Amino acid sequence: MKIKIAGIGSYIPEKKISNTDFGEHVFLNEDGTAFGYPNEVVINKFKGITGIEHRRYAEDHLNSSDLAFFAAQKAIKNAGIDPETIDYIIFAHNFGDVKYGTSQSDMLPSLATRVKHKLQIKNPKCVAYDILFGCPGWIEGVLQANAYIKSGMAKRCLVIGSETLSRVVDAHDRDSMIYSDGAGASIIEASDDDTGLLAYESATYANDEANYLFFGKSYNPDLDPDIRYIKMYGRKIYEFALNHVPAAMKSCLDKSGLGIDDVKKILIHQANEKMDEAIIQRFYKLYDRSVPKDIMPMSIHELGNSSVATVPTLFDLLIRGKIENQEIHKGDVMIFASVGAGMNINAFIYRY
């Protein structure tokens with residue numbers, strides 16, 4: 001038995017933030033000192049490394065669970081199912097609902113429970129819960145759905161990744177330009193043909209790597225030091241990803257019994273364009289191959305890094321023909337992969 005993505009949907013917020021919108025920000029070094037060059041230089045360097053030109057922020061009156069609800073509605077419609085037949089709702093996020101203008105995380109009740117309530121699912125045996133797994137959370141949710149279905153504990157699961165990272169960033173940290181908001185959702189069920197999930201890998205590195213992403217105080221020393229924001233050691237994350245993600249992808253592909261030439265698309269977490277390109281180059285180098293043209297669809301240029309939402313949103317855009325010069329065909333083999341806080345890595349091989 002295999003499992004497949006029977007329905008997919010995403011919600012991309014309407015509020016579009018361009019790099020030029022950061023022109024008046026007061027960016028500071030970690031020690032609170034000012035940069036020795038203007039914001040125009042900061043922004044140009046940022047775009048050259050990350051590839052990000054625009055990102056989306058949630059409308060002020062919406063929270064992460066609202067975005068998730070909109071994406072879930074689309075996934076349910078795309079799958080053509082009765083939501084009362086869903087056995088599990090697995091909601092991947094990192095910071096819960098963060099009301100606009102505040103910094104407090106709200107996770108009571110769980111965001112999965114909130115989505116179930118919004119969907120008006122009456123069935124009490126539809127179990128709803130959240131997972132915190134960093135940016136790889138949606139992929140991990142799919143792997144959990146796979147386990148539930150193969151074990152006979154479920155026939156159908158709703159797996160969601162949603163986040164409003166714009167509400168937990170330090171405006172004085174240039175890394176704040178990376179983050180964005182969005183949601184992706186999927187209906188997972190058993191596959192009765194040769195499509196679906198073929199192999200997977202998942203791992204947590206929690207020694208020196210545990211605190212590469214963390215909550216820390218603002219770079220502005222005049223702000224309340226007890227208010228915390230998302231922070232990262234970018235260089236360490238970059239090196240970690242290059243050292244571990246390609247190997248995990250290779251292990252996954254080798255377990256599937258397929259070869260590198262069978263892979264038609266790689267959907268990787270939209271974290272940083274240069275990092276993603278380097279990961280793919282190292283992955284193909286493990287097979288003594290050069291990277292094929294258009295193997296890696298990208299959405300980061302326009303949508304930024306929305307954490308758990310990037311991969312399902314990318315898949316939704318791909319199959320709907322919304323990514324320029326990219327298309328997918330029935331029977332194509334794909335690799336889904338992600339890396340993030342934990343440090344966590346996961347991947348799966350999927351026949352579309």
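User: How do you know whether the sulfur of Cys157 is bonded to the closest cysteine sulfur, in Cys126, or too far for a bond?

Analyst: In this predicted model, the sulfur of Cys157 lies 9.0 Å from that of Cys126. A disulfide needs the two sulfur atoms within 2.5 Å. The gap is therefore too far for a bond.

User: And what about the sulfur of Cys135?

Analyst: The closest cysteine sulfur to Cys135 is in Cys252, 19 Å away. Against the cut-off of 2.5 Å, that too is too far for a bond.

User: How many disulfides does the structure hold?

Analyst: The count is 0.

User: Do the definitions make Cys157 and Cys135 buried or exposed, and what makes them so?

Analyst: Buried means under 20% relative accessible area. Cys157 has 0%, so Cys157 is buried. Cys135 has 15%, so Cys135 counts as buried as well.

User: What makes Ala71 buried?

Analyst: The relative accessible area of Ala71 is 0%. The limit is under 20%, so the label follows. Ala71 sits in helix H2, residues 64-79. Leaving aside residues up to four places away in sequence, Ala71 touches Gly9, Ser10, Tyr11, Ala183, Gly184 and Ala185.

User: Which strands does H2 lie across?

Analyst: H2 lies across E1, E4, E8 and strand E9 (181-191). The helix runs at about 125 degrees to E1. Helix H8, residues 310-319, lies across E1 and E9, at about 90 degrees to E1.

User: Why is the sheet with the order E1-E9-E8-E4-E7 called open?

Analyst: This sheet has 5 strands, and its pairing is mixed. Strand E1 (2-11) and strand E7 (127-132) stand at the edges, each with a single partner strand, so one side of each has no neighbour in the sheet. On average, neighbouring strands here are turned by 20 degrees against each other, direction ignored.

User: How do you know that strand E4 and strand E8 pair?

Analyst: Two strands pair if DSSP finds at least two bridges between them. E4 (residues 88-93) and E8 (residues 156-164) share 5 bridges, in the parallel sense. Phe91 stands opposite Ile160 in E8.

User: What makes the link between the side chains of Ser218 and Asp170 a polar contact?

Analyst: The distance is 2.9 Å. The cut-off is within 3.5 Å, so the pair qualifies. A polar atom of the Ser218 side chain also lies 3.0 Å from the backbone nitrogen of Asn220.

User: Where does Ser218 lie, and is Ser218 buried or exposed?

Analyst: Ser218 lies in the loop between strand E11 (213-217) and strand E12 (228-232). At 7% relative accessibility, Ser218 counts as buried. Residues that touch Ser218 include His172, Leu223 and Tyr229.

User: Why is Asn272 said to cap H6?

Analyst: A side-chain oxygen of Asn272 lies 2.9 Å from the backbone nitrogen of Lys274, at the N-terminal end of H6. That distance is within 3.5 Å, so it meets the cut-off for a polar contact.

User: What covers the buried residues of H6?

Analyst: Buried residues of H6 include Met275, Ile279 and Phe283. Their cover includes helix H1 (39-50), helix H5 (234-256), strand E13 (263-268), helix H7 (300-303) and strand E14 (333-340).

Notes
Residues are numbered from 1 along each chain as its sequence is written. This is a predicted model: local features need pLDDT of at least 70, side-chain atom pairs count only at pLDDT 80 or more; totals for chains, interfaces and linings use all residues. Side-chain values use heavy atoms; hydrogens and water are left out. Helices (H or I, at least four residues) and strands (E, at least two) are DSSP runs, numbered from the N terminus. Buried means under 20% relative accessible area, exposed over 50%, partly exposed in between (1.4 Å probe, protein chains only). Contact means heavy atoms within 4.5 Å. A polar contact is a pair of N or O atoms within 3.5 Å; within protein, one must be able to donate a hydrogen and the other to accept it, and residues adjacent in sequence count only if both atoms are side-chain atoms. Axes are lines fitted to C-alpha atoms, for helices over the stretch in contact, and angles run from 0 to 180 degrees between N-to-C directions.
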